Amino acid sequence: MSALVLAASLLRAVLLPFGDLLSTVVFGACLLAISAREGKAAALPSPASGGGKFAAAARRGDESLAMGRIAAIMAGLMVGAVLLAPVVTGRLSQRPLADFWSWAAISAVIATLEETAIRGALYRRWSEEAGPAAAIIAGAAVFALIHLPRYGLAAMPLDAAVGLALGGLRAVTGRVLPCAIAHTIADWGAWFWA
Amino acid sequence: MSRGRRVGALALVVGTVAAMLLHGRPSSSPIYDGIIVPPAPYRYESPPSNVRNRNQKPLGGQATLPVNNGQVSGGGVQTDDAQVIMFFGVGTFKVPPGATSVQCSIEPDPNPPEPPAGIDLRGNVYRIGCVAQPSGAPVTLTGTFHLTMRLPPGATNDIRYDDGQSWHTLTTLFAPGGDPYASVNAAGFGEYAAMARTGAQGSGDNIFSTLGRYAEFYGILAFVIIFGVIAVVQELRRRRQQQIPKPRPKR
């Protein structure tokens, strides 16, 4: 699963010379396919966790611990605002608001797909196999690595830290939605302050 | 609180604090998703009428390069809005005796020299110079330095250099993929500007690029709609499957 997500990111980097749109669409499609595939595979027993019973119980436990939807959304909004806080003190970029909406839409889709794949499918698989701590750390590592081709080594510590925070948010709320909200809000800030 | 949540809360706090601390580093990227943020609008010293309302003044930049054993070991300078960037190699300057450093500056020129006949300025004219410190005496160049300029929308044929007497055409290398940057090997201090023949059409003005712009917009729209529909269908299917009661095992 981790290798598939990383391969999708590598494919995106390879396709970048053919245009940002094409590479982004292919990347998004790969993440969607990975999430869909994992959704089907989740019904199968996990050999490493001692069979399907434990895995299913873990999933049930995860779902039963899930925070209420409104509370989870609020948590996502708060974490997004906290992640955005350090950049809002910077100089405004003056990018035109009219061009923001199409960029914001695609940014939200990609952020949500990344969260569905990493904090959804990948987290669930790692959590079943090795527990939540391993799931959070593995998710943060994959999150940092998938951004390596685009932003280079300099951005990796920050991306790993944000991946850790989003993994923690996933574990606390039991949901992917707040992670997608926090991620999207933090991304949108780049339009105004980057 | 379950163990999973305790671990999650710890990761959330540690990750958030680390992210806030790392944001302070200038090399850090503030985005996490991999979408390229389009560049901020070009800053004009004398903006065209259609962007006058939202134009911001261009910024200058300067840097101090230390002198070691009588020579500068190289370095770079850029304007604060990153519209002009220049790099110097080792030994590019000849510095006067006693100099401890060289201060280089790039400033947009509000009163630039007139361009040659039949040629238009494209964007800003920048005044580039370096002086020795602490004396303020001029330094001389022993070679070329690398200069990259951001180009405004529209046509650009080349970057030219004015040495105080006339404009000189420089061999200009344009960035691939439509990126609005061009670079030259600059041979002197003075005024630098992007220029185009009067009436030259920008690459963004022909029929193919116009179609390409629309294709990109509708491509993004289609992308959002398709993935949105797939996500909604998947969610509905998941909910439907959850509602179907499982058959009881036969005894």
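In which strand of chain B is Thr148(B) found? Thr148(B) sits in strand β9 of chain B, and that strand is a handy place to start a tour of this predicted model. Local features here need pLDDT of at least 70 and side-chain atom pairs count only at pLDDT 80 or more, while totals for chains, interfaces and linings use all residues. Side-chain values use heavy atoms, with hydrogens and water left out, residues are numbered from 1 along each chain as its sequence is written, and chains are lettered from A and ligands numbered from 1 in the order in which they are written.

First, the overall make-up of chain B. It holds two helices and 14 strands, where helices (H or I, at least four residues) and strands (E, at least two) are DSSP runs numbered from the N terminus. Chain B has 251 residues, and 36% of them count as buried; buried means under 20% relative accessible area, exposed over 50%, and partly exposed in between, using a 1.4 Å probe and protein chains only. Among the contacts in chain B with a separation of 6 or more, 66% come from residues 24 or more positions apart, contact meaning heavy atoms within 4.5 Å.

Back to β9(B) and its sheet. Five strands of chain B form an open sheet in the order β3-β4-β9-β13-β12, with antiparallel pairing. Here two strands pair if DSSP finds at least two bridges between them. The edges are taken by β3 (75–78) and β12 (173–174) of chain B, each with a single partner strand, so one side of each has no neighbour in the sheet. Strand β9 (residues 145–150) pairs with β13 (residues 181–186) of chain B over six antiparallel bridges, and Arg150(B) stands opposite Tyr181(B) in β13(B). Towards β4(B), β9(B) makes four bridges, also antiparallel, with Val84(B) opposite Met149(B) in β9(B).

Five of the six residues of β9(B) are buried, so the strand is largely enclosed by the rest of the structure. Thr148(B) itself is buried, at a relative accessible area of 17%. Neighbours within four places in sequence aside, Thr148(B) is in contact with Gln83(B), Val84(B) and Ile85(B), as well as Tyr181(B), Ala182(B) and Ser183(B). Leu173(B), in strand β12 of chain B, is exposed instead, with a relative accessible area of 60%. Not counting residues up to four places away in sequence, Leu173(B) touches Tyr181(B), Ala182(B) and Ser183(B).

β1(B) and β6(B) run antiparallel and are joined by six bridges, with Gln62(B) opposite Ser105(B) in β6(B). β6(B) pairs with β7(B) in the antiparallel sense over eight bridges, and there Ser105(B) has Gly129(B) of β7(B) as its bridge partner.

What about the packing? A nonpolar core is a set of buried Ala, Val, Leu, Ile, Met, Phe, Trp, Tyr and Cys residues joined through side-chain atoms within 4.5 Å. The largest has 34 residues, and those touching the most other members are Met86(B), Phe88(B), Phe93(B), Val102(B), Cys104(B), Leu147(B) and Tyr192(B). Elements giving two or more residues to this core include β1 (61–68), β4 (84–88), β9 and β13 of chain B, and β7(B) gives the most, with four residues. Another core, of 31 residues, lies apart from it and includes Val79(A), Ile118(A), Leu158(A) and Ala182(A).

Between the chains, the axes of helix α4 (residues 69–88) of chain A and helix α1 (residues 3–23) of chain B come within 8 Å and cross at roughly 20°. Residues meeting across this pair include Val79(A), Val82(A) and Leu83(A) in α4(A) and Leu12(B), Thr16(B) and Met20(B) in α1(B).

Most residues other than glycine have a negative phi, and most peptide bonds are trans. The peptide bond from Gln133(B) to Pro134(B) is cis, with omega near 10°, and Pro134(B) lies in the loop between β7 and β8 (140–141) of chain B. Asn69(B), not a glycine, has a positive phi of about 55° and counts as exposed at 83% relative accessibility. Ala82(B), also not a glycine, has a positive phi of about 60°; Ala82(B) is placed in the loop between β3 and β4 of chain B and counts as partly exposed at 26% relative accessibility.

Conventions: Axes fitted to C-alpha atoms, helices over the stretch in contact; angles between N-to-C directions.
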